[in-house]
Amino acid sequence: MQRLTYVVLGILILALAFFSYNQYSARQTAEVGLSNQYARAFFELTSSVNSATANLGKVLVSKSDVQTAQSLAQITRDAFNAQAYLTNMPLPQSMLVRTSEFLNQLGDYSLSLSRATAGSALTDENRKMLEELFENARSLSNQLEEIQTRAEVGKLTWKDLRDESQRDPAKADPFSDGFQVISDDLSRVPALVYDGPFSADVQNTAPKGLKGDEISKEEAERIAEQVINQATGRKVDLRFVEDVKGLIPAYGFESPERDIYIDISKIGGMVTQFVTARDIDKTQVSLEEATNNAIEFLQKQNWPSLDITYSLAEDHTLLLNFAPIQDGAVLYPDLIKVVVALDNGQILAQDSLSYIMNHQERTIPKPIFSAKEAEAELSDNLEPISTKLAVIPRTTRTEALCYEIKARLKGRDEEFIVYVDALTGQEVNILYVVPGTNGTLTL
Amino acid sequence: MRRILHVAFLAAILALSAFLFFWQPSSYAGPNQYSGYVDLIARVIAAEAQGEPFEGQVAVGAVLLNRVKHSGFPNTVPGVVYQPHAFESVTNGLIWQRTPSQTAYNAARNAINGWDPTYGCIFFWNPSKPVNSWIWSRPIVRWIGNHVFAR
């Protein structure tokens with residue numbers, strides 16, 4: 001009997017040992033695999049920054065436009081690569097945000113330069129900026145080399161790279177400390193301002209479309225209740241939730257059931273946005289009726305006259321985009337969006353952020369090219385379907401008056417939208433129409 | 001089996017990045033480059049903001065997309081979702097354990113279509129949980145349910 005117990009116990013111990021060893025080696029493999037991923041990201045980051053630095057140097061000394069264009073393109077690629085690898089580092093965001101900003105702006109700025117200077121020389125101002133970027137990129141590259149020497153990144157284990165919170169703050173850690181130093185140093189560098197999506201001023205652009213006097217909370221509540229009444233067809237007693245302190249200061253209200261939320265701007269009392277929480281499981285209203293409800297709903301607010309530019313029916317709701325028309329051109333930057341429920345035709349949501357951020361008095365120039373002439377600029381592979389005038393965002397700061405030409409690839413079903421500048425006749429953008437997978441395009 | 005999964009995963013990532021690289025919005029007025037990520041965004045919303053008011057769920061989706069557009073964060077939706085230490089539910093795997101509700105999908109669609117109750121915020125956190133003290137230095141825009149939203 002006792003012997004049997006020993007045998008069973010022995011087998012158990014052996015099984016346990018075998019199991020533990022298996023677990024151990026599996027974990028070992030996983031840990032090494034993970035630290036290898038991080039090490040690779042670090043080395044790629046370093047080499048991308050080195051390459052961007054070298055190319056910044058080349059741009060500064062080159063006399064050839066072709067060489068300059070090549071180097072600018074390479075800087076863009078290297079900087080965006082470096083940014084992607086940097087944000088893959090297992091470090092808290094507070095250490096990475098500034099460095100990531102620097103790399104994104106470097107890539108974006110050199111992209112904007114290669115567009116702006118296609119075939120022409122750099123300006124003195126460009127050069128000054130590039131010199132500064134060169135200095136900063138060089139010191140970033142030195143600091144990364146130093147992290148490599150001090151932390152021996154390839155040898156760092158998963159435990160070393162684990163969450164910051166589990167680390168002893170008093171103990172020096174060459175890896176994360178190094179990234180902190182980089183971030184601190186770059187924070188002293190003035191942020192880059194230029195015409196591109198990652199420019200430092202983009203996040204803080206003031207709304208252009210806020211007009212009118214500052215209204216009181218009571219006045220805002222009255223407007224909000226009226227709008228919700230028009231949207232739902234019933235009286236809802238909203239209550240004030242909070243002062244919203246964003247780029248568009250607003251009063252926030254909610255319904256007692258907490259299913260409707262609406263913000264009214266403090267300046268001008270405009271509906272900035274509202275949402276309704278409701279799951280809709282059937283379609284009982286025609287798209288035409290839903291569209292009419294949305295048009296009627298917006299007419300009761302003080303917007304200029306609006307046209308529907310796009311609509312999408314999906315999940316028993318209808319999304320409609322509206323834009324103002326000026327001198328025959330659709331103002332795409334100034335969108336207002338409305339969602340209609342297709343079970344009862346009520347308005348579920350509205351978003352006027354684009355309008356409030358972008359709407360302004362514009363002088364629309366007279367087109368120099370006619371619609372026919374613009375269509376003639378199309379590639380021979382395309383046949384135009386329809387053409388209209390539109391104002392589109394050209395860069396982050398500029399807009400362009402364009403012909404929006406919907407066209408079909410000859411002999412194929414594929415559709416494209418081509419934008420031809422109405423003043424220069426130049427093709428400024430091409431969009432590929434992704435064939436509708438979800439929902440129906442109804443316009 | 002595992003190997004096949006790994007290969008499939010890599011292939012999916014490659015396909016996704018190719019997709020992202022070549023895909024452009026179909027019109028200045030129409031759907032946008034994020035609509036292919038409705039599932040991923042709904043999953044993050046479900047994992048990070050279940051039980052929060054609907055507006056708070058839209059807000060979490062909006063923060064995710066604001067990060068994609070912000071220079072301080074990865075420039076793609078998967079990049080932002082999978083950034084190390086960015087979302088607790090991604091770090092602990094919760095996003096793949098919880099199936100998003102219809103409400104989470106509705107919230108994701110609203111965020112993709114441009115609704116942003118946070119007016120451009122790039123951070124949100126639950127003040128009742130321990131957070132990095134650095135985060136409190138960011139300018140707070142609003143509170144929705146249990147979350148603070150900041151720029």
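Author: A cavity is here a set of grid points where a 1.4 Å probe fits but cannot get out. In this predicted model, the structure holds two such cavities of 30 Å³ or more.

The largest cavity contains about 270 Å³ of space. Its lining is made up of 19 residues, and those closest to the centre are A:Thr317, A:Val339, A:Leu348, B:Asn106 and B:Asn110. Several elements give two or more residues to this lining: in chain A they are β5 (306-314), β6 (317-326) and β9 (347-351), and in chain B α6 (102-112). The greatest contribution to the lining of the largest cavity is that of α6(B), which supplies four residues. Sorted by class, the lining of the largest cavity comprises eight nonpolar, six polar and five charged residues.

The second largest cavity holds about 30 Å³ of space. Chain A lines this second cavity with A:Tyr261, A:Gln273, A:Phe274 and A:Val275, while chain B lines it with B:Glu55, B:Trp115 and B:Pro117. Strand β4 of chain A, spanning residues 271-276, provides the largest share of that lining, three residues. By class, five residues lining the second largest cavity are nonpolar, one is polar and one is charged.

Key: Residues are numbered from 1 along each chain as its sequence is written. Chains are lettered from A and ligands numbered from 1 in the order in which they are written. This is a predicted model: local features need pLDDT of at least 70, side-chain atom pairs count only at pLDDT 80 or more; totals for chains, interfaces and linings use all residues. Side-chain values use heavy atoms; hydrogens and water are left out. On a 1 Å grid over the protein atoms alone, a cavity is a set of points where a 1.4 Å probe fits but cannot get out, and a pocket is an open set with protein on both sides within 12 Å along at least five of seven lines; lining residues have an atom within 4 Å of a point. Grid points are joined across faces, edges and corners, and a volume is the space filled by probe spheres set on the points. Ala, Val, Leu, Ile, Met, Phe, Trp, Tyr, Cys and Pro count as nonpolar, Asp, Glu, Lys and Arg as charged, and the others, Gly among them, as polar.
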